[in-house]
Amino acid sequence: CQQSAISLKIESKKCRNAGSRRQIAYNNFMKKIIAVVFLLIAIVGGYFAFKFLNKYKLGNVEKEGYILVPTGANFEQVLDSISPFLKNKESFREVALQKKLDQKIKSGRYKIESGADNSQLVNMIKAGNQTPNSFRIGDFGTVYQMIGRVSRKTEADSLAFVNSFNKIAQEKGLNNAEDLKNYFFSDTYEFYWTVKPEDFFKKFEKDYQEFWTAEREAKLKNLGITKNQVYALASIVYKESGGKTDEQKTIAGLYLNRFRKGMKLQSDPTVIYAINKEDNFKSDIKRVLYKHLSVQSPYNTYKNAGIPPGPICIVDKSSIDAVLNAENHHYIFMCADPKRMGYHKFTDNDAEHAKNAKEYQDWLNSRQIK
């Protein structure tokens with residue numbers, strides 16, 4: 001009986017051990033199953049996370065550049081414009097439609113920057129976050145020349161600018177856009193591609209009003225000439241100085257001396273302007289010859305005494321200030337100095353001026369400048 005009891009205990013122990021092994025095996029199996037499940041979840045989650053990131057957060061720009069979105073553009077036009085800059089056109093399309101870009105497109109000039117993702121690109125266009133254009137307003141002979149250059153960088157064409165400026169001029173009691181020349185200053189400015197012509201002008205009108213301070217108005221009054229005459233003289237000063245500021249006050253004083261003495265101003269740039277005005281600025285005159293001096297024009301200061309009826313170009317602020325603060329001296333003659341290109345020799349003596357003029361003419365002839 002004792003042996004049977006011992007045998008039963010041994011058998012029982014074997015059963016318990018076998019059960020434990022089965023439990024351990026089961027537990028290990030379940031752990032593997034759970035591990036596999038978690039791995040699958042991680043893989044699936046990673047896949048969808050990658051898709052999400054790839055669609056919304058990872059950069060989708062192949063190359064940098066700018067796109068132009070015209071007023072009234074539809075979604076397909078935007079897509080066509082931006083596609084050349086993208087790595088994946090379809091992911092952009094999907095995000096754009098999900099974010100309802102097709103319902104809220106703002107016109108403008110947009111910079112496509114390296115590293116930008118689809119969401120950033122869509123949000124930029126929806127918000128109208130344009131990149132401005134840089135405009136150089138040079139010493140254009142006419143407002144129409146300026147319009148032609150400006151309209152290359154704006155959505156509005158040159159005709160829209162001309163029509164708008166003509167209307168503004170008439171509202172101010174002037175004839176046409178050309179009469180607005182005094183409102184513009186030669187300098188570099190920034191405007192958006194979508195700028196309206198009237199808003200473009202308002203910027204310069206505000207600048208004009210801020211420039212003409214009470215102090216400058218007082219200096220104008222002391223000169224005893226009109227504001228338009230100041231602009232006309234400033235345009236001559238600008239052209240004669242080549243835009244260099246260090247001689248401008250001296251040149252301004254010289255022309256004021258000639259004007260006050262009743263002498264003809266005899267400025268070569270006015271002759272060039274008179275000729276250009278007649279042939280719509282197609283001439284390229286590098287040297288004023290005697291045959292040019294006979295051109296019939298109120299702007300020809302070799303034929304007409306006094307200050308021209310208006311400026312011969314758009315001027316910069318320093319040229320106007322040079323006239324308002326003209327140097328007080330006795331010079332009435334000036335001649336280009338061949339030994340210091342861009343600068344002049346000044347004198348109040350006829351004989352000395354004749355000598356300076358011959359030296360300069362000989363220099364031109366030696367280089368066959370016609």
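**Figure 1. Lys181 in the loop between helix H6 and strand S4.** In this predicted model, Lys181 is found in the loop that runs between H6 and strand S4 (187-191). Although its side chain belongs to a charged residue type, Lys181 is buried, because its relative accessible area is 5%, and a residue counts as buried when that value is under 20%. When its neighbours within four places in sequence are left aside, Lys181 is in contact with Gly141, Thr142 and Val143, with Tyr273, and with Pro311, Ile312, Cys313 and Ile314.

**Figure 2. The chain as a whole, as a setting for the close-up views.** The secondary structure of the protein chain comes to 13 helices and six strands. The chain has 370 residues, of which 40% count as buried.

**Figure 3. The aromatic pair of Phe165 and Phe200.** A pair of aromatic rings is described by the distance of the centres and the angle of the planes. The count for this model comes to 22 aromatic pairs, and one of them is formed by Phe165 and Phe200, whose rings lie 6.5 Å apart from centre to centre, with 25° between the planes. This pair is called stacked, because planes under 30 degrees apart count as stacked. The pair links distant parts of the chain, since Phe165 belongs to helix H6 (residues 158-171) and Phe200 to helix H7 (residues 197-211), 35 residues apart. Phe165 is buried, with a relative accessible area of 0%, and Phe200 is likewise buried, with a relative accessible area of 0%.

**Figure 4. The cluster of rings that includes Phe165 and Phe200.** Ring pairs link a set of phenylalanine and tyrosine residues into a cluster. Its phenylalanines are Phe135, Phe161, Phe165, Phe184, Phe191, Phe200, Phe201 and Phe204, and its tyrosines are Tyr183, Tyr189 and Tyr208.

**Figure 5. Two arginines whose charged ends sit over rings.** The charged end of Arg109 sits over the ring of Tyr66, at 3.9 Å from the centre of that ring.

**Figure 6. The crossing of helices H8 and H12.** The axes of helix H8 (residues 214-223) and helix H12 (residues 317-324) come within 9 Å of each other and cross at roughly 50°. At this angle the two helices, H8 and H12, are therefore oblique to each other. On the side of H8, the contact is made by Arg216, Lys219, Leu220 and Leu223, while H12 contributes Asp321, Val323 and Leu324. By residue type, the contact of H8 with H12 divides into four nonpolar, no polar and three charged residues.

**Figure 7. Two loop residues with a positive phi.** Gln266 has a positive phi of about 50° although it is not a glycine, and its place is in the loop between helix H10 (248-260) and helix H11 (268-278). Gln266 counts as partly exposed, because its relative accessibility is 36%. Asn280, which is not a glycine either, has a positive phi of about 60° and lies in the loop between H11 and H12. With a relative accessibility of 59%, Asn280 counts as exposed, because the cut-off for this word is over 50%.

Terms used:
Residues numbered from 1 in each chain as written. Predicted model: local features only at pLDDT ≥ 70, side-chain atom pairs only at ≥ 80, totals over all residues. Heavy atoms only, no water. Phe/Tyr/Trp six-rings, centres within 6.5 Å; stacked < 30°, edge-to-face > 60°. Helix = DSSP H or I, 4+ residues; strand = E, 2+ residues; numbered from the N terminus. Buried < 20%, exposed > 50% of the residue type's maximum accessible area, 1.4 Å probe, protein only. Lys NZ or Arg CZ within 6 Å of the ring centre and 35° of its normal. Axes fitted to C-alpha atoms, helices over the stretch in contact; angles between N-to-C directions. Parallel < 35°, antiparallel > 145°, perpendicular 65-115°, else oblique. Contact = heavy atoms within 4.5 Å.
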